[in-house]
Amino acid sequence: MKPRKPFVALLAALLLAGCATLSDEEASRRALDVMKTSFKERGQAKLDRLDQDDAQRACSVPPGTELPKATTERLEKANLAAIRYPSDGKLMGDWKAGERVAQSGVGMQYSDDPKRPAGANCYACHQLSKQEISFGTIGPSLYHFGKQRGASVAIQRYTYGKIYNSNAFTACSNMPRFGHKGILTEQQMKDVTALLLDPASPVNQ
Amino acid sequence: MKRPSASLVAALLALAAAVASAGAQAQSDTIDEIQKYRQQLQDGNPAELWEARGEALWKQKRGPKNASLEACDLGKGPGVVKGAYAEMPRWFADADRVMDLETRLVHCMITLQGFTFAEATRRPYGAGSNRSDFESLAAWITSESKGVTMNVALGHAKEREAYQLGEKMFYFRGGSHDFACATCHGEDGKRIRLQDLPNLTRKAGAQLAYTTWPAYRVSQGELRTFQWRLYDCFRQQRFPELKFTSEASVALTTFLAHNANGAAFNAPAIKR
């Protein structure tokens, strides 16, 4: 295949000259350089918010893009290994506190008070209970999440883990990695786990 | 120049009264009033107040050089406003840069009126009585493209580069929440809470969204431009603060405006 390389490179260069100006790789690099000069730090939102980790970089593609299997496996493996389960072994907190976390959309914006606890804003993207009709549809409905699955230790670990780091189970998920990125505290994640799994929670009525 | 009608003011007062007295009052009363209010808005968009101020600002002699903006070239020749916005952002030879409307206005304030960049960009976004000149100027200038077919060409290499960079930025995931523009605006038929989200990766979605900015935002009582739309999206995306008229803001605008080509421009609009 060796002798063909210059030909392919020439063809690629000609194609680029016709429409796009930069190669895909150059465009990614230059876009990041431009972004670094186009944003300024404000409050808790520092410029390091633009420093991508492996998952963010690999997932910066149009929705529905099929990534190589090796890539999704690498991302899921690394994110799964990064999950820290509670040291006391308890995964279920108080569903009422979890409901408050699910309703709150504050946290991590430069306009937010960093001293106030962040919310998860689950309702922005998911249906959860029947009572709350103001819910979004970016994620699937979680109504009856626990009723359908039970609350075995395995299900508790999956649920807590999914909240902690969604990419451990689905590479490039739209869902924030609430534990991995330090958005929620351990107690908050236990409370949201309870909201989803506790038989008394409105999610399971 | 139409002024907001007396009936609009009456509807606003009625809405305020309905909301204030709500409490135990039947929720349907409020919904009825909101419906009435929406109907009243059809015959008087408060954006007209910004348009009137913007037209006056365009013609007013200001700055160290005591000059108006009437000689400003928005791409169709000095002083030509009609239809100019439907072809922006575009590359300008005199600056050798791709510029959106606000960036071009800053350029004209510096070159024609003698302001410094810092003076010109002191107040990009208005708040109550502290109005932004850009929001007023943009309201008037964009109103002069109402009904004009969007036609953002990528004839110049720098325009093509801006489009390409804007596309990359649209899919760029980062920050504490891993959000990209595409997280919320990359699929059909999605909503956040009850708010419908346009799919900006498809022509129909990009056209509907892009051609209805600037808009009078009822919830804020302010006229907001496309620069503001990007600025506040990035705040919610948990990114740092987007600089006004920055290269990234122009690149993203180029990407979205070009995707809206072929649609009739339809702003200043009115939004929730």
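1. Two residues are in contact if their C-beta atoms, placed from the backbone, lie within 7 Å. By that rule, and leaving aside neighbours within four places in sequence, Met169(B) is in contact with Ala31(A), Met35(A), Ala248(B), Ala251(B) and Leu252(B).

2. This is a predicted model: local features need pLDDT of at least 70, side-chain atom pairs count only at pLDDT 80 or more, and totals for chains, interfaces and linings use all residues. Residues are numbered from 1 along each chain as its sequence is written, with chains lettered from A in the order in which they are written.

3. The largest nonpolar core has 66 residues. Such a core is a set of buried Ala, Val, Leu, Ile, Met, Phe, Trp, Tyr and Cys residues joined through C-beta atoms within 7 Å; buried means 20 or more other C-beta atoms within 10 Å of the residue's own. Met169(B), Phe170(B), Ala251(B), Leu252(B) and Leu256(B) touch the most other members.

4. Helix 11 of chain B (247-259) gives the most to this core: seven residues. Helices are DSSP runs of H or I, at least four residues, and strands are runs of E, at least two. Domain 2 (47-143) and domain 3 (157-271) of chain B both contribute, so the core lies between them. The domain bounds come from an automatic or database assignment.

5. Between the chains, 44 residues of chain A are in contact with 40 of chain B. Helix 2 of chain A gives the most to the chain A side, with eight residues.

6. Strand 1 of chain A pairs with strand 7 of chain B (241-242), antiparallel, over two bridges; pairing needs at least two DSSP bridges. Lys40(A) stands opposite Glu241(B).

Definitions and conventions:
A residue is buried if 20 or more other C-beta atoms lie within 10 Å of its own, exposed if 12 or fewer, and partly exposed in between; C-beta atoms are placed from the backbone.
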